[in-house]
Amino acid sequence: MKTKKSGPNYGNWVSARFVLVPGTIGLLLLVAACFLPGLAILAVIFLLVAAYFIYARYLFAPNGKNLQMKIWELLLNHLDWDGKGQALDIGCGNGPLVIALAKKYPKGLINGVDYWGKNWAYSQAMCENNARLEGVENNVKFQKASASQLPFPDGSIDAVVSNLTFHEVPGQVNKRELLREALRVVKKGGPFVFQDLFLVEPYYGKMDDLLETIQDWGIQQVKFIETRNEPFIPKVLKLPFMLGTVGILVGKK
Ligand SMILES: C[S@@+](CC[C@H](N)C(=O)[O-])C[C@H]1O[C@@H](n2cnc3c(N)ncnc32)[C@H](O)[C@@H]1O
């Protein structure tokens, strides 16, 4: 009997709990509505929320519409790197960007750091296993570290990327400081591409001001691209709590 070869596991950005919590509450309310009919409307609302997140999970999943992969590719397409030296992905999750970089630039050493806390079902072991399954285990290196204190000297990394990580960092209210820390480790003239919720003003302030501040840090080039304007992003994902506030900062130090 043939056994099915399992592939890498890069997870799904829409956690299953976004389906399970409203789904369970909706079903309980539906039962309660047999006795208190007024609860039926609330039950329908919760069930619709669960249905929305089921659909969103399908859109992002590799065996669905695989939007995660398209968004990782979008980010990497903006990285203007020659593949020599070292790259770093900050908040690498299960390692998709590190592995994609390793495949694209087989001569480089690609580092991935992550805090691997309880909020996400990602781990260093999963990254290493994914790298093995993708055949790039020899030019990747994963380590546990925080985005707010990267274990690399100033200007030591040739290219730096990060995807949807900075807004997740607990205890760091001013997300600009995380950008500054990420840029600290980039080599002078080296490229960087960061994707995050850059349009959420309580995190980053106004975009014009953010770009000006980054230039004041001595960064020679930086521009902003709105992810939601990419033609492959469906309308249902342009809501502010999904991809509506996501954008990319791309530049050279
Ligand atoms: C939305 S996930 C994105 C993961 C990955 N970049 C991707 O594109 O699939 C956010 C990631 O940020 C990581 N993270 C949260 N706080 C962090 C910190 N202080 N330092 C490094 N990574 C952190 C989480 O563990 C998680 O892997």
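Student: Where is the place of Leu164 in this model?

Tutor: Leu164 sits in the loop between strand E4 (159–163) and helix H6 (176–184); helices (H or I, at least four residues) and strands (E, at least two) are DSSP runs, numbered from the N terminus. Keep in mind that this is a predicted model, where local features need pLDDT of at least 70, side-chain atom pairs count only at pLDDT 80 or more, and totals for chains, interfaces and linings use all residues. Residues are numbered from 1 along each chain as its sequence is written.

Student: Which residues does Leu164 touch, not counting residues up to four places away in sequence?

Tutor: Contact means that the C-beta atoms of two residues, placed from the backbone, lie within 7 Å. With that exclusion, Leu164 touches Gln195 and Asp196.

Student: What about backbone angles?

Tutor: Most residues other than glycine have a negative phi. Here the phi of Leu164 is near 55°, a positive value. Asn66 also has a phi near 55°, again positive, and lies in the loop between H2 and H3. Asn66 is partly exposed because 13 other C-beta atoms lie within 10 Å.

Student: Which residues of H2 are buried?

Tutor: They are Ala50, Phe53, Ala56 and Phe60. Seen down the axis of H2, these buried residues fall within an arc of 120°, so they line one face of the helix; the arc is that of the directions from the helix axis to the C-beta atoms. Ile41 and Leu48 are exposed, on the face turned away from the buried side of H2. The cover over the buried residues includes helix H1 (17–32) and helix H3 (67–77).

Student: And which domains does the assignment give?

Tutor: Domain bounds come from an automatic or database domain assignment. For this protein it gives domain 1 (17–60) and domain 2 (67–252). Their centres, taken over C-alpha atoms, are separated by 34 Å.

Technical notes
Buried ≥ 20, exposed ≤ 12 C-beta atoms within 10 Å, placed from the backbone.
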